[in-house]
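Me: I have a model open and some questions about it. Can we go through them one by one?
Reply: Go ahead.

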Amino acid sequence: MFDDISALTLARAQFAFTVSFHFIFPAFSIGLASYLAVLEGLWLKTGKEVYLNLFKYWLKIFALAFAMGVVSGITMSYQFGTNWSVFSDKAGPVIGPLMAYEVMTAFFLEAGFLGVMLFGMNRVGPKLHYMATLAVAIGTFISAFWILSANSWMQTPQGFVMNAAGQFEPADWWAIVFNPSFPYRLVHTVLGAYLTTALVVGAVGAWHLLKDKGNAGARVMFNMAMGMIAVAAPIQIFAGDMHGLNTLEHQPAKVMAMEGHFQSHPDGAPLILFGIPDEKAATVHAAVSIPKASSLILKHDPNAPLAGLDTVPREDWPHVDIVFWSFRIMVGLGMLMLTLGAVSLFARTRRKLYDWSWLHRFALVMGPTGFVAVLAGWVTTEVGRQPFTVYGLLRTSQSAAPLDAPAVAASLLAFVAVYFIVFSAGTGYILKLMSHAPHPGEPGLEPAPDHPVRTAGITPAPGIPVHRAGQGDAS
Amino acid sequence: MSLDLPFVWAFVIAFAVFAYVVMDGFDLGIGILFPTFKPGPERDSAMNSVAPVWDGNETWLVLGGGGLMAAFPLAYAIVLPALYAPIIAMLLALIFRGVAFEFRWRDPGHRPFWDVAFTAGSVVAAFAQGVTLGALLQGISVEGRQYAGGWWDWLTPFSLLTGVSLVVGYALLGATWLVMKTEGETQSHMRRMSAWLGAGTVLLIAVVSAVTPFLEGAYYENWFAWPSVLLTAQVPLLVLIGAVLFFRSLRKGHERWPFLLALALFGLSFVGLGISMFPYVVPGAVTIWQAAAPDSSLLFMLVGASVLIPIILAYTGYSYWVFRGKVGQEGYH
């Protein structure tokens, strides 16, 4: 009942499942690590206790999200070999060193200082502790740098020669690392992570404002998050547009699928807003479109010709319907984020940021949309790269490991079951932490001085009365 | 070529794997021993003794895997599909035990569940790593540039033996680590466990060592050919000396030596493994030179590794130093 095709499909499903689950956590922890660094920095600078309380509040959430990111990430570093061994053999000489650099420059940095960041405040003092927080935040960024370089190389490969063994042999590392799509993907992804975090922080702030407008911590986090969204959302839309233009240059078939352009348009292509793409018939049913707008956006000229999928051999098409929809989900949510940012600015001008409960409800509903947009964006770019793993050069069907379908099916089921148990529990714990209102004397993760290490504790640690406001800016 | 890059990288990867065993061994061991601790302070302090460092410890496993893909992509491509089931089992087990560190504090109502997850995850991860090692040693069938066997080939009495050995060995590392990090009743409990686990580990090292040379012709040659046998014979001799010193230090009530000597036993076993396998990375099929990535890959990474690995070791050392001393004391200074 299983044949070769289904082994391949199962392996793809497994990768899609594990990488999607994994990326939820870094998408959050990249932004949250920076936010924590900002909070602790503000505390050290101003000595205001509210920042320390917020720092401890989000630190507990960070600890959970980071742990889940780590364990789901270890899976990824082995999955290339277990399920995609032919890809690993051929592309390993290029991809492998990039990932090895990620481990050496980022993972160790994060992991090495995470312990100090989580548990070490009482042991090393605020200054050194802040260095640890910064190290973790910088580590998350370096990690994004290398892994996105590797991913981008698969999208826009260059700087290699093929050797006798059929491997991609690196010839120019600079060209490999800084391949054409990398700068765009890096900016777009990191901004996406910042937005995702800001939306979550904003929603948590909004939730507590709805219950108590006077909560100092909720006010500060809502204020900071809305500011971030107001700034980052428009920049992100601009960066996304630049990324799209870069994709048009290097991976035109992906853009054709995003746009739903089955046919070429010699004198100005329409922008299809909605419709139902039909790959078999090579058409978009019930399309609602703006004439010539796509050419205007992509070529900055309403009459510029745009090629369609009819210029691409059928066997090189990505799944048009998936790419078409995921792209629209991402863009639609991006527009909502822009709206939220704009409304929050308007509320600021009226001095009603903490008063308009409908704004807080809007921010609350928007809380999870960053994750959805990030995943939809990744689906767009990854499914859009198909049917290749290394774009144009190595087919996905020729990348998989020689495994029996039952082996892949069994492991896929195991992954689904384990991820469901572990990550739904973890998400539940995060939500539980978020449901507590931030308050003065917020407990951290460390054992308190008068308690010998978490004795039969109900909570991991009672409040830490050590570093009070004002101590931070001494000396 | 003045610098034999594949040779250098074989050492770097071996170093990463050994660093992993040294650092994650004891924290997996604590998971394995967890059911023998009393719920409450004893379990909490055992957990606390590794909570700040487990994440860094597991990063060496990522370096081992990622480094293998980067430096020896052919070996990575052959070995991982061959060891599919144990590797997937290890990954899933590490997920359970990794999140248990955080989850058990967050959810006192389900703490017994996460404690079981911590133990089961640790046991399965250790066992799967041992099975992986045994399956690699007993040989993998290769055709062209691919694994050519079935998905149950790894399962043999030998691989089960190495699986059990690693569980016992890691438990020894965990017990001796806690002798170093705890006091009072927990410490004496761990001393007693260390003695039993030490005996078990030495016995299992002996059995695995006795079987290994007969798995593959080359292994026998590597160990017993004259005159290199004069050198290789030092390894079992040192194991014997190490074992004697270990039991002596335990009896004399030393706190650090049992852990260091247990690590020495692991180190010697690792050297023995190297003697068996070298110069093969997939025993009997692919040498390190055949599997190596092009020099341009190896050189690019070596530039970074030679600077970064010492730095990593330095700040890892710093992190351990910050959390030095007995757990449970920090409240009293």
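Me: In which loop of chain B does Pro279(B) lie?
Reply: This is a predicted model. Pro279(B) sits in the loop that runs between helix H12 (257–277) and strand E3 (280–282) of chain B.

Me: Is the peptide bond from Phe278(B) to Pro279(B) cis or trans?
Reply: The bond from Phe278(B) to Pro279(B) is cis, and its omega is near 0 degrees.

Me: What about the bond from Gln386(A) to Pro387(A), cis or trans?
Reply: That peptide bond is cis, with omega near 5 degrees. Pro387(A) is in the loop between helix H12 (369–385) and strand E5 (388–390) of chain A.

Me: Staying with the backbone, what is the phi of His300(A)?
Reply: His300(A) is not a glycine, yet its phi is positive, about 60 degrees. The residue belongs to the loop between helix H9 (293–299) and helix H10 (320–349) of chain A.

Me: Now strands. How do strand E3 and strand E4 of chain A pair, parallel or antiparallel?
Reply: Antiparallel, over six bridges, with E3(A) covering residues 271–278 and E4(A) residues 283–290. One of the bridge partners is Val284(A) in E4(A), which goes with Pro277(A).

Me: How many residues are between E3(A) and E4(A)?
Reply: Four, and the two strands form a hairpin. In the turn, Ala282(A) has a positive phi of about 55 degrees.

Me: How do H3(A) and H3(B) pack?
Reply: Helix H3 (residues 85–119) of chain A packs against H3(B) at an angle of about 165 degrees, and the axes are 7 Å apart. Angles over 145 degrees count as roughly antiparallel, so that is what H3(A) and H3(B) are to each other. Their crossing is left-handed.

Me: Which residues meet there?
Reply: On H3(A) they include Gly92(A), Gly96(A), Ala100(A) and Phe107(A), and on H3(B) they include Gly56(B), Val62(B), Gly66(B) and Met69(B). The residues of this contact divide into twelve nonpolar, eight polar and one charged.

Me: And inside chain B, what is the angle between H1(B) and H3(B)?
Reply: About 155 degrees, with the axes of helix H1 (residues 5–33) and H3(B) 8 Å apart. That angle makes H1(B) roughly antiparallel to H3(B). H1(B) passes H3(B) in a left-handed crossing.

Me: Which residues make the contact of H1(B) with H3(B)?
Reply: Among them are Trp9(B), Ile13(B) and Tyr20(B) of H1(B), together with Trp54(B), Leu61(B) and Gly64(B) of H3(B). The contact of H1(B) with H3(B) has 14 nonpolar, three polar and three charged residues.

Me: Last topic, confidence. What is the average pLDDT of chain B?
Reply: Chain B averages 88, and 98% of the residues score at least 70.

Me: What are the scores for the model?
Reply: ipTM is 0.88 and pTM is 0.88.

Conventions:
Residues numbered from 1 in each chain as written. Chains lettered and ligands numbered in written order. Predicted model: local features only at pLDDT ≥ 70, side-chain atom pairs only at ≥ 80, totals over all residues. pLDDT = per-residue confidence, 0-100. Axes fitted to C-alpha atoms, helices over the stretch in contact; angles between N-to-C directions. Parallel < 35°, antiparallel > 145°, perpendicular 65-115°, else oblique. Left-handed = near helix turned anticlockwise from the far one by under 90°. Contact = placed C-beta atoms within 7 Å. Nonpolar A, V, L, I, M, F, W, Y, C, P; charged D, E, K, R; others polar. Pairing = 2+ DSSP bridges.
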